[in-house]
Amino acid sequence: MTKERWLSDLRGFLPEEQVKVDEPLHLHTLTRMGGPADIFVTPKTEDETVYTVKYAYDNNIPLLLLGNGSNMVVRDGGVRGIVLNLKGLHVIRIDGATVYAQGGANIKEVSKTAASHRLTGLEFACGIPGSIGGAMAMNAGAYGGEIKDVIKQATVLTREGEKLILSKEDLELGYRKSIITKKGYYVLSAEFALEFGKQTVIDAKMSELTYQRETKQPLEFPSAGSVFKRPPGNFAGKLIQESGLQGKGFGGAEVSTKHAGFIVNKNNATANDYIQTIEMVKSAVREKFNIDLELEVKIVGEDLV
């Protein structure tokens with residue numbers, strides 16, 4: 001089957017504007033890098049999502065889930081097959097102390113919505129740039145909080161297009177890992193169990209965490225966020241800084257001078273620039289500290305030929 005056939009078949013079920021061919025992925029990643037997707041699908045309902053996943057599985061077509069594009073580096077040659085973007089699934093609902101959010105909702109918006117309803121527990125996520133689906137998959141955390149602290153359950157799709165409801169225990173949430181990444185599930189929605197708190201206290205905490213993020217992270221440049229996982233008993237940013245790598249890089253990519261755990265797209269970097277800079281960092285830290293840094297970001301796609 002050709003991508004023209006995929007395009008025709010998918011547009012038979014989804015509106016034409018939700019199925020694009022050769023879509024540049026640099027428009028959809030926070031690094032502002034990445035080549036084209038053969039087919040780029042943006043469902044707006046769970047039924048459209050199920051159809052797309054089942055279609056890819058039934059026809060043996062590679063399927064890549066792209067959330068908010070915050071924790072991913074897409075190579076310059078782009079992605080073959082179908083790229084599924086769930087930004088159209090962005091409903092957020094409050095029911096008492098329970099927060100429901102679809103998989104494509106921005107976790108920052110979920111955090112802010114919870115806070116506006118006097119709900120505490122998700123303040124830590126007020127600066128995380130990813131989607132609910134991505135946050136669930138990676139058990140996202142910051143400032144002492146993690147998804148596993150507040151999750152109640154999630155509804156996911158298997159690669160075959162079957163819906164499953166997973167409890168907190170079923171999700172197997174650990175440090176930057178989950179059953180979602182292990183099994184290749186797609187998150188349709190999640191429910192969080194929060195508590196009512198004092199509005200002034202919640203607002204103060206949100207303001208403090210926002211201030212910390214804005215003053216310590218290089219938000220003025222595109223990036224994939226924190227590039228490396230935290231090594232046991234240490235911090236990636238500290239090791240990188242002590243290796244003297246800040247301000248160094250390849251092409252338009254550079255280890256941030258503001259926070260060494262970030263690699264920024266400072267001047268029209270290519271994905272190849274970014275990946276070369278990652279390899280430089282890993283090599284230097286290994287040589288100086290005998291520590292192998294493990295990637296937190298996901299590198300996908302193909303190199304230019």
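Reader: Is Tyr51 buried, exposed or partly exposed, and what is its relative accessible area?

Author: This is a predicted model, where local features need pLDDT of at least 70, side-chain atom pairs count only at pLDDT 80 or more, and totals for chains, interfaces and linings use all residues. Residues are numbered from 1 along each chain as its sequence is written, and side-chain values use heavy atoms, with hydrogens and water left out. Buried means under 20% relative accessible area, exposed over 50%, and partly exposed in between (1.4 Å probe, protein chains only). Tyr51 is partly exposed, at 26%.

Reader: How many aromatic pairs does the structure hold?

Author: Rings of Phe, Tyr and Trp (its six-membered ring) pair if their centres lie within 6.5 Å; planes under 30 degrees apart count as stacked, over 60 as edge-to-face and the rest as tilted. Phe13 and Tyr51 are stacked, because their centres are 4.1 Å apart and their planes at 10°. Tyr51 and Tyr55 are stacked too, with 6.3 Å between centres and 15° between planes. The number of aromatic pairs is two.

Reader: Which residues form one aromatic cluster?

Author: Tyr55 is buried, with a relative accessible area of 9%. Phe13 is partly exposed, at 42%. The cluster is formed by Phe13, Tyr51 and Tyr55.

Reader: Over which ring does the charged end of Arg230 sit?

Author: A charge sits over a ring if NZ of Lys or CZ of Arg is within 6 Å of the ring centre and within 35 degrees of the ring normal. For Arg230, the distance to the centre is 4.7 Å, and the ring is that of Tyr175.
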